[in-house]
Amino acid sequence: MNYKISALPIFIFLGILYFLYNGLYEDPTVIPSPLIGKTLPVFESTSLISNKALTNKDFLGKSYLLNIWASWCYGCSLEHDNLLDIYNNDKILIYGLNYKDDKKSALDWLKSKGNPYSDIIVDTSGDIGINLGVYGAPETFLINSDGLILFKHVGPISTGFYEKEILPLLLK
Amino acid sequence: MIPEIGNIFLSISASISLCLFSLIFIKRYVDINFRYTLSKYLSIFIFFFIFVSFLLLSYAFLTDDFSLRYVANNSNVSLENVYKFSAVWGAHEGSILLWVLVLSLWNFFISIYSKTIPKSIVVDMLSIMGILLLFFLLFILFTSNPFDRIFPIPLNGRDLNPLLQDPGLIIHPPMLYIGYVGTSVPFVFAIAILLKGNINISWIAWLRKWVIATWLFLTFGITLGSWWAYHELGWGGWWFWDPVENASFMPWLAITALLHSLIVSEKRGIFISWSILLSILTFSLSLLGTFLVRSGVLVSVHAFANDPERGLFILLFLSVVIGLSLGLYYVKSPKLVFYKKYSITSKEFMLLMNNLFLTITTFAILLGTLYPLISSSLNIGKISVGAPYFNFIFSALMLPIIFLMSPAIFTSWKNTSYNKIQKKLFKIFFYSVIISYIFANIFFSTKFFIVNIAIFLAVFTVLSSLKRIIDILNTTKQNFIITKIISVPSYVYANSLAHIGIGFVILGITFSTYFSTQNELVMNFGDKVNIKNISIKFSGVKNIVSKNYISQTGIFDYYEDKNYVLSFFPEKRSYNIQKNVMTEAAISSNLFRDIYIALGDKLSENSWVVRIYYKPFIQLLWYGAALMILGGLFGIFGRYKSLKNFSDEL
């Protein structure tokens, strides 16, 4: 055996080490959404605020966050201040999807807590949510100007969510 | 107070380990006899202090000392005493303590049973053990201390995970760990040899017994794990290619390869550099397995905790130890390469093939296990490869190895004439084809060609191993059958029993995989199921209250040709504290078949989902494993003196 061959194990080992290190900080239970890289599913609904018709085509041409929320959802009240912060500082547009909710309580909720949403899709039956692969509110999607879903976050968003998770994706 | 003593003792043993390690740096200045004696004493002390802290932790469990966080999380007043004791290694902290205890035990044994190798090698080996011990002790003290206190002290503990409250799991972890950690012995030997830069062939005979011992415990530990899964998980499987199972299986494959390459190294003085690399590889896989289990990077039924800090600690250690070892290997191994001629019909070549395929199999399983990490690192989505990948790749790579086992038995070193192989093997080959054909096609009428192949290979292996023993019996000069049997060298028994065991395992796997009858159905009280000539009647379910769980016990009456034989009592247990529901399957076994009944979900007051499996010959799996272990025992305790007389016969 010569020196070249006996160095081979080192390189194999370094390769494996790289993957192990990368795996260390990932949560193995996170399953990436199959919708990432795909377009928003087709839907037709109305706006909670203006009662006008809303379809998936109305959202093309800009990057935005789509936040799945409901007035019955405890996690949504936890993340609400962080959404307002994004809205107040004009970081990125936020649209809402009011998931399996009652119109009146949804509007009351916005009135008392403030409204970070530029517009809100009504999804009383939860059908749009199913197409989006939602398994519980709150969830937050990042969608780019071509209507492609870039990112999905499950659970309440934390302070600095925009800077940590969204900005790097938009800068790519 | 007592837990604090445990803590102090762990710290003391860490300091002693550091002393032991430092012996490697004072080679030039201190006399070898002094270093040798010192290293022996240090090894005893390390073992003693770790053993006492282990006993103190056990004592804390047995006396329900819930002021310890670890005890509070993993025990309970109402837990049976035997499970209180096994709860010591029931979760992360304690199982790492067990790891280090076993490591110190191996270290202690090396210091005692090493009279046949030079003192300088022994001291180097113990020193390297010292750094391994030091790391794991620091790991315990800084990230996973089982002696941590909790305040306020809870009145009762959160109970041991009900999955672990099973007799099989009392000894599965210790056995597995003894094997797992035993891979450190060939590793420290390899490093000591690399440091020295030369080797005497007689030292390899010494190493081989340790490798067999490690192999034996790994085999036993893995078998116990499978046996437990078969009885406890309730879906009749015994192997799931779970990352943690793979983590114990990869070192097993690597050490099996090592076992065989060491034979060549010992007898012919070649493959030495390769054996050393395999030793490093085996231990690396062992460390890698520890990392996979402890860091939680992969999803597994064995997941203990997802803790990146612990993972990083192990990963750093793993990189340093393995990186340095491979670097040392790169520098020194070319000196340990020797060439000797051997032909394609020689035993050397057969064992080379064995090693080649075993190593490829190990890497194929490694690739499959790490695939989710690799694919997510490369941004091609997080994809797991499941059982189909492993089953395919494993059987495809195993078939050639098994096929070569029989000719390998009858080849000689250097070169074998085709006539000799032909004479010995032709008849056996022919009989094996006929027997396996009868089995596969007449008794079981299979549609699958692979079943024919697998059964043929198993029969071929068993028959040729038997033939070898019979050949030797016929050539001995002893007159009585008992003296004849005793006169057969134990290495022949070791080899033959282990190979027959492999044959049995293949038969067990093949029959139970391809010819099982599986019924998963809804049964009402009074319903009957008929399989072949047997029928099983669901009589009812009764509630039984036990110390720490409530069991719903099904009653199934089993009739053979309309005669009542026995009743099955599969259980659904709800554990009071952790609120888990556990399945206890009821199994009736004999050589020819297992009948396996497990209760599924309750649908209404008198209707249940029931799983009834009929598995032919699955017992052969366990018998095969037992034979392999028996073979290992012959290998360890056998006499090696007679080896030379038979070396031509080998």
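**Close-up 1. A salt bridge joins the side chains of D108(A) and K104(A), at 3.1 Å from N to O.** A salt bridge here is a side-chain nitrogen of Lys or Arg within 4 Å of a carboxyl oxygen of Asp or Glu. D108(A) and K104(A) are about one helical turn apart, because they lie four residues from each other in helix α4 (residues 103-113) of chain A. Helices are DSSP runs of H or I with at least four residues, numbered from the N terminus. Over all chains, the whole structure holds 15 salt bridges.

This is a predicted model, in which local features need pLDDT of at least 70 and side-chain atom pairs count only at pLDDT 80 or more, while totals for chains, interfaces and linings use all residues. Residues are numbered from 1 along each chain as its sequence is written, chains are lettered from A in the order in which they are written, and side-chain values use heavy atoms, leaving out hydrogens and water.

**Close-up 2. Helix α6 (residues 119-143) of chain B packs with helix α8 (residues 184-196) of chain B at an angle of about 125°, their axes 9 Å apart.** Axes are lines fitted to C-alpha atoms over the stretch in contact, with angles from 0 to 180 degrees between N-to-C directions. Residues in contact (heavy atoms within 4.5 Å) include I128(B) and L132(B) from α6(B), and F187(B) and I191(B) from α8(B).

**Close-up 3. Chain B meets chain A with 37 residues from chain B and 24 residues from chain A.** About 2500 Å² is buried between them, 74% of it from carbon and sulfur atoms; buried area is the accessible area (1.4 Å probe) that two parts lose on being put together, summed over both. Across this interface there are zero salt bridges.

Key
Helix = DSSP H or I, 4+ residues; strand = E, 2+ residues; numbered from the N terminus.
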